[in-house]
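Hi everyone, thanks for making the time. Could we put the model up on the screen, please?

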Amino acid sequence: MPVVALLALDGAPAHQLSTPAMLFGAASRTFYRRPPYEVRVCAGGGTVGAADAVAGTAHPAVRTAAPGAMTVTADHGLDGLLDAATVIVTAYASCPAPPPPDVLDALRAAAARGSRVAAIGTGTFALAAAGLLDGRRATTSWPDAAELARRHPRVEVELGDWPVADGPFLTSSGLLGGKDLCVRIIEEDHDEQTAREADRHLFLALPNPSEALRADTAPRPTPDTDPAPDTAPHPDFTTDPTATWLEANLHRPLTLSDIAAHAGTSVRTLTRHFRAHTGLTPLQYLLRARVRRAQWLLEHTDTPVEQIPTTTGLGTPANLRHHFHRFNGTTPTIYRAAFRNLVGIFAPEDATRGDVDS
């Protein structure tokens, strides 16, 4: 399981610790059985928390930025970066001074190991101080961009609301606690669909799809076909020939026998295959694909809600409303309005128009 290490320094905005953790957690909900990330909060350059000092332990702590400043005791120090696939440095002040030498050394070592190294807002100053951004493009919080360029003339500073990627380094302006940076990371690791679904679940407050799956009335598999409890769905299962065929035939009234016949296998083997790779039965997977297709149509097209059941194979508007509500906690009409309102707030006007008209 890839480790995402959130490196917090004194002065980190508290929401830049919570937002990435919530978003990577939302990504985990699309995988049903086992999260695809281990998220660690690592304190760098901080002090030992008061409670830990009394207990004689050595858990590091950082003081977050005002207003509402608080002391956050982390489970990890810089040691938490050692096996991290991704290191994200939070902002830590306006036009901040370079972090302590051990923090800079840890960032250089992470980059040398091949880790992806990212920064939110003024966290970019830490990457620049470590020499990681020399000759590369980067961004930071708008009010601090001129100072970043002055201090580090070898960094090509760009202004914008969207993350800037250059090699293994990813920087963002800090808008919404680095939300867009985290979405970009999820998309790079998995795919656009996973990233979009994580974004939806976080900002539209959608329920966990696994709750709907647990309520499914499909028969449970027998013990000899049930995979180990920690079996995780394979992120690339959509490239499986049978899954690809299902996605192309959502409009058809498919049965288990139909799917098994296409796959050239028995129903029992087909079910074992799907459960091993997705944690779902074939019909559960088919239903989830139909609901996902309905989501896509609601997001990207003006197709009337009444026509979507025919396109997705859900049959009737009543079936669409029932299953859509099970998985998303709302109706198709309300979902479309909420999603477009969200896009209108966070996306550029031309991007919003392109999504709707495509």
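So, what lines the largest cavity in this predicted model? Sorting its lining residues by type gives 2 nonpolar, 4 polar and 3 charged. If you want to click along, the residues are D161, S172, S173, G174, L175, G178, K179, D180 and L181. Helix α6, residues 179-189, gives the largest share of that lining, with 3 residues.

And how much space lies in there? About 30 Å³. With a cut-off of 30 Å³ or more, the count comes to 1 cavity.

We've got an open sheet of 6 strands with mixed pairing, and the order goes β2-β1-β6-β7-β11-β10. Which strands stand at the edges? Those are β2, at 38-43, and β10, at 164-166. Each has a single partner strand, so one side of each is left without a neighbour in the sheet. From one strand to the next, the twist averages 20 degrees.

Let's zoom in on one pair. In general, strands of a sheet pair through backbone hydrogen bonds, either parallel or antiparallel. Here, strand β1, residues 3-8, and strand β6, residues 86-89, run parallel, and 4 bridges join them. To pick out one of those contacts, find L6: the bridge partner of L6 in β6 is I88.

Definitions and conventions
Residues numbered from 1 in each chain as written. Predicted model: local features only at pLDDT ≥ 70, side-chain atom pairs only at ≥ 80, totals over all residues. Heavy atoms only, no water. 1 Å grid on protein atoms, 1.4 Å probe; cavity = no way out; pocket = protein on both sides within 12 Å on 5 of 7 lines; lining within 4 Å. Points joined across faces, edges and corners; volume = space filled by probe spheres on them. Helix = DSSP H or I, 4+ residues; strand = E, 2+ residues; numbered from the N terminus. Nonpolar A, V, L, I, M, F, W, Y, C, P; charged D, E, K, R; others polar. Pairing = 2+ DSSP bridges. Axes fitted to C-alpha atoms, helices over the stretch in contact; angles between N-to-C directions.
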